[in-house]
Amino acid sequence: MTPQALQLQAPSFDELASAYDSTFTTSALGQRLRTLAWERLDVVLAGCGRVLEIGCGTGEDAVRLARRGVDVLATDPSAAMLRVAADKAKHMGCAERIEFRCVPMESLGAQLAGERFDGVWSNFGAINCVPRLDAVVADFAALLEPGAPLAWVVMGRHVPWEWVWYLARGNRHKAFRRYRHGGVVWRGMRILYPTPGELARTLHPFFAPTRCQPLGFVLPPSYASGWLERRPRLLSALTRVERAAQRRQRLAAFADHYIFEARRSPAHDA
């Protein structure tokens, strides 16, 4: 990624920092989605002493890990997001277990050289903001212990919810935007939507996939949050069906997000 592109990432998310928690984190839909993601976080990162978080945003996941006794290096390209996250950690009484650093994923290998982690976590599409993931895999793989778990929540490409939502509103352009060659330009950044298979191939040979499950196959994307806030019974029903759908790994390819899990391959050094 060019220096100019790296500079674009920070203001893109700086503008969202003050309102992110109120518009997504504390929304009924946001809470349901994060709870489902945390169910895997707790399993995959169980036993990890030190975790690297990529794209920590306002720090919800870092606080979750810290309150469970995990030391976290929480990274994000947005200084404004990190300020919100640091205040949250202090308020929750776990700031001593979290170190926040303003680092984009593309610079992790250089800026964290020599550090080691027992696992890596990234939630709600931070990975989609990296235009050349293949160029940095080896760098951040070198930061992980052999066998260390990786768990990423990634935005998918084939999303029936999105097709129906926007086609019903006469917006075919948005309904199929994730299929555009080269991704989607959003707030000056290019967002890519790899399929689970493409992500597995990108991470090979440094990581071996272990599991992939849908997140948002039945529950809709965040832009439907306001619609669901007015329909709590429907949200509860959709959440129950979503939980059942998560047992079907093949549905991961048709969800708004998918939870991709892998292990650092001990035979391949960066």
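The following legends describe close-up views of a predicted model. Local features are given at pLDDT of at least 70 and side-chain atom pairs at pLDDT 80 or more, whereas totals for chains, interfaces and linings use all residues. Residues are numbered from 1 along each chain as its sequence is written, and side-chain values use heavy atoms, with hydrogens and water left out.

**View 1. The open sheet of seven strands.** The strands follow the order β3-β2-β1-β4-β5-β9-β8, with mixed pairing; two strands pair if DSSP finds at least two bridges between them. Helices (H or I, at least four residues) and strands (E, at least two) are DSSP runs numbered from the N terminus. β3 (98–102) and β8 (207–215) form the edges and have a single partner strand each, so one side of each lacks a neighbour in the sheet. From one strand to the next, the twist averages 20 degrees.

**View 2. Pairing of β8 with β9, and helix α3 on the sheet.** β8 pairs with β9 (residues 257–264) in the antiparallel sense over eight bridges. Within this pairing, Q213 stands opposite I259 in β9. Helix α3 (residues 28–44) packs on the sheet and touches β4, β5 (149–155), β8 and β9, contact meaning heavy atoms within 4.5 Å. The direction of α3 makes about 10 degrees with that of β9; axes are lines fitted to C-alpha atoms, for helices over the stretch in contact, and angles run from 0 to 180 degrees between N-to-C directions.

**View 3. The salt bridge between D71 and R97.** The structure holds 18 salt bridges, each defined as a side-chain nitrogen of Lys or Arg within 4 Å of a carboxyl oxygen of Asp or Glu. In one of them, the side chains of D71 and R97 meet at 2.8 Å, N to O. D71 belongs to strand β2 (residues 71–76) and R97 to the loop between α5 (79–91) and β3, 26 residues apart. D71 is partly exposed at 34% relative accessibility, as is R97 at 30% (buried is under 20% relative accessible area, exposed over 50%, partly exposed in between; 1.4 Å probe, protein chains only).

View 4. E115 lies in the loop between α6 (108–111) and β4 (119–122) and counts as buried because its relative accessibility is 18%. Its salt bridge with R101 has the closest N and O atoms 2.8 Å apart, linking this loop to strand β3 across 14 residues. Salt bridges that share partners join R50, E99, R101 and E115 into one network. R101 also meets E99 at 2.7 Å, N to O.
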